[in-house]
Amino acid sequence: MRVSRDTLPVSDRNPRIYVVDAFASAPFTGNPAAVCLLSSWLPDSLLQKIASQNNLSETAFVVSEGQRLRIRWFTPCELVPLCGHATLATAFVLLNVIGGPEQELELDSASGPLKMWIAGDRITMDFPMIPYVEPASIPDGLIDALGLEPARILRTDADPNYYAIYEREADVVHLRPDIARLAALHPFAVGVSAPAWSTDIVARYFAPGYGIPEDPATGSMYCALAPYWTERLGKESIVAHQASRRGARIHCEVRGDRVLLTGEARLYLEGSIDIAAD
């Protein structure tokens, strides 16, 4: 998608903002993300204030740099290197809401170029695989914080997370972790997953250190979990159910060192924000 400053609805004082439910097959499901289109980068301190005021798990900010688009993601607390659902929300805004003849686009990010395209009613995103390791030692408090010992624990460092692997879907669905104890693991967040009956896997994600007690849908998590589960299940692609209160479904396909994430999105809100002099 070729864009310039003149082709996006941007304003220096009143940036356009959209709230989109990502990985949502029905209204009020999936994960709501804010997408803010800027004419140029604002100070990080101001971007953080906007994200904090939005109080959603992620706010994506997009700026046109020449003929390229760049995206950055802020939680209510801090900048993060990768976010799946807010990228899906951004793609939905640029391809479906603003519209145009384009069926695909590419965004520059801290995690490299991210390609995405329309596939029927869904959008597919091409993300980098996140390597995982089985750590030699488990941090103090992780098992106690989860409240149920998993069969295996994995760790990712590029996107700091621990992943607890359980053997029963019910263990993940009914898990009631100690959120305060999980917050003490910051900068690491914690994902949990297990095989499932109606889909291939079930998963949940907790990031209280980032201001997100439980994330409704977490695309970046599957950049690590999809390689693990496709290898374990002997499949090239899997369907994941994120068993949050809102619920979400993510289609994942591993291609070499990339992971394709596919899902639906729905526009909830469109407007503008007033940036007062700071």
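**Close-up views of a predicted model**

View 1. Ser 57 counts as buried, at 9% relative accessibility (buried means under 20% relative accessible area, exposed over 50%, partly exposed in between; 1.4 Å probe, protein chains only). This is a predicted model in which local features need pLDDT of at least 70 and side-chain atom pairs count only at pLDDT 80 or more, while totals for chains, interfaces and linings use all residues. Residues are numbered from 1 along each chain as its sequence is written, and side-chain values use heavy atoms, with hydrogens and water left out. Ser 57 lies in the loop between helix 1 (44-54) and strand 3 (59-65); helices (H or I, at least four residues) and strands (E, at least two) are DSSP runs, numbered from the N terminus. Its side chain makes a polar contact of 3.3 Å with the side chain of Asn 31, and another of 3.3 Å with that of His 85 (a pair of N or O atoms within 3.5 Å; within protein, one must be able to donate a hydrogen and the other to accept it, and residues adjacent in sequence count only if both atoms are side-chain atoms).

View 2. Strand 9 (residues 152-156) runs antiparallel to strand 10 (residues 161-165), with 5 bridges between them; strands pair if DSSP finds at least two bridges between them. Leu 154 has Tyr 163 as its bridge partner in strand 10.

**View 3. Surroundings of Tyr 132.** Tyr 132 is partly exposed, with a relative accessible area of 24%. Beyond its neighbours within four places in sequence, Tyr 132 is in contact (heavy atoms within 4.5 Å) with residues including Leu 154, Pro 227 and Glu 231.
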